[in-house]
Amino acid sequence: VTHGATSGYGYGVLGDYKTLNTYYYNGWYYLYDVTKPMNGVIETRDANNGTTQGGYSVDSNNAFTSSGQAADVDAHKYAGIVYDYYYNTHNRNSFDNAGSTIISTVHYSTNYNNAFWNGNQMVYGDGDGTTFIALSGALDVVAHELTHAVTERTAGLIYQDQSGALNESMSDVFGYFVEPNDYLMGEDVYTPGISGDALRSISDPTAYGQPDHMNDYYYTSSDNGGVHTNSGIPNKAAYNTIVSIGKTKAEKIYYRALTVYLTSSSDFSDARAALLSSTADLYGYGTEYTAVENAWDAVGVY
Ligand SMILES: CCCCC[C@H](S)C(=O)N[C@@H](Cc1ccccc1)C(=O)N[C@@H](C)C(=O)O
Ligand SMILES: [Ca+2]
Ligand SMILES: [Zn+2]
């Protein structure tokens with residue numbers, strides 16, 4: 001072929017084999033996925049431990065099998081999975097619902113124990129090897145970060161205090177919806193030397209130092225008002241909702257609340273109201289509505 005879509009493969013951060021949607025051009029294979037509907041593109045880049053966007057992740061023979069390519073493989077594969085989740089479950093075409101290219105950069109900085117959405121793209125550190133390994137190696141992390149992009153283009157929840165904790169919670173909750181095999185966050189890339197732990201739990205936020213009730217709201221000036229701590233309260237309410245009405249209904253009311261009712265300054269009480277309105281819209285005022293009321297009563301938010 002002169003150039004065009006190809007199918008490659010590689011090994012992820014956990015050493016697992018996975019197929020990849022790649023693109024051949026001028027002697028090189030790119031992590032550039034053109035298989036999505038309406039020309040949605042997913043591209044993965046490599047910062048080579050710098051702090052710029054980096055160039056495209058490329059390979060000479062379409063086999064992304066070197067250890068240095070593992071983070072690239074997972075960032076690319078998982079971005080595609082998250083794209084598919086939003087398209088197939090919520091009919092949303094990319095984070096802006098207009099098919100914008102989803103860009104990821106891996107190997108950001110050195111020993112960087114975090115991942116983030118920078119307003120234009122996802123960025124992943126490699127971790128320091130003790131607290132984290134390469135963060136794109138966890139599907140719930142990728143879903144967390146891409147959900148920040150969705151939130152930014154919809155509710156626009158300000159990243160401070162209660163709206164900020166809600167912003168963080170939406171990213172964790174959709175991290176669960178995309179990876180529903182556990183209620184843990186980041187377990188696949190967190191503390192490789194310790195098994196069974198995680199950065200957070202939505203079923204029991206207190207297991208990792210987060211509050212699960214308004215009585216224990218953590219007032220602080222750090223971390224934008226403790227957004228990674230206080231997210232435990234809406235996270236617990238989401239867990240309560242998921243357990244009582246099921247994932248299929250829960251993800252519909254959460255998506256509707258995020259895209260229709262929540263605004264940039266919404267606080268926890270506004271979130272309760274937004275979810276109740278969404279529930280009423282979709283399922284009426286029956287058992288699902290009561291379940292959402294109970295879910296938020298249980299965390300002390302009215
Ligand atoms: C650059 C400034 C910080 C940005 C914070 C990003 S959005 C974030 O919340 N990252 C997640 C990564 C993550 C997600 C799911 C599971 C594990 C880890 C996060 O929770 N970061 C923690 C370490 C933090 O910033 O406190
Ligand atoms: Ca998980
Ligand atoms: Zn976040």
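**Exercise 1. The surroundings of E187**

Leaving aside neighbours within four places in sequence, which residues is E187 in contact with? Place E187 in the fold and check its charge pairing as well.

*Solution.* The model is predicted: local features need pLDDT of at least 70, side-chain atom pairs count only at pLDDT 80 or more, and totals for chains, interfaces and linings use all residues. Residues are numbered from 1 along each chain as its sequence is written, chains are lettered from A and ligands numbered from 1 in the order written, and side-chain values use heavy atoms, without hydrogens or water.

Step 1. Apply the contact cut-off: heavy atoms within 4.5 Å. With those sequence neighbours set aside, E187 touches D140, E179, D182, D197 and A198.

Step 2. Locate the residue. E187 sits in the loop between β12 (184–185) and β13 (200–201). Helices (H or I, at least four residues) and strands (E, at least two) are DSSP runs, numbered from the N terminus.

Step 3. Look for a partner. A salt bridge needs a side-chain nitrogen of Lys or Arg within 4 Å of a carboxyl oxygen of Asp or Glu. Lys and Arg count as positive, Asp and Glu as negative; His and the chain ends are not counted. E187 has no salt bridge, although it is buried. Its nearest side chain of opposite charge is R200, 9.6 Å away. Buried means under 20% relative accessible area, exposed over 50%, partly exposed in between (1.4 Å probe, protein chains only).

**Exercise 2. The zinc site**

Identify the protein donors of the zinc ion (ligand 3) and describe their spacing.

*Solution.* Step 1. Collect N, O and S atoms within 2.8 Å of the metal (3.2 Å for Na, K and Ca); water is not among the atoms, so sites may look incomplete. The protein donors are H144 (NE2), H148 (NE2) and E168 (OE), 2.0 to 2.1 Å from the zinc ion.

Step 1. Read along the chain. The donors follow the spacing H-x3-H-x19-E.

Step 2. Turn to helix α2 (residues 139–153). H144 and H148 are four residues apart there, so about one helical turn separates them.

Step 3. Check burial. H144 is buried at 7% relative accessibility. H148 is buried too, at 11%.

**Exercise 3. Salt bridges**

Take pairs from the salt bridges of the structure and state the exposure of each partner.

*Solution.* Step 1. Count. The whole structure holds 10 salt bridges.

Step 1. Start with D16 and K18, whose side chains meet at 2.7 Å, N to O. D16 is partly exposed at 28%, whereas K18 is buried at 7%. D16, K18 and D74 are linked in a network of salt bridges.

Step 2. Move to R45 and E43, paired at 2.8 Å, N to O. Both R45 and E43 are buried.

Step 3. Finish with K247 and E251. Their closest N and O atoms are 3.1 Å apart. Both lie in helix α6 (residues 247–261), four residues apart, about one turn of the helix. K247 is partly exposed at 24%; E251 is buried at 6%.

**Exercise 4. The overall fold**

*Solution.* Step 1. List the elements: eight helices and 13 strands.

Step 1. Buried residues make up 55% of the 302.
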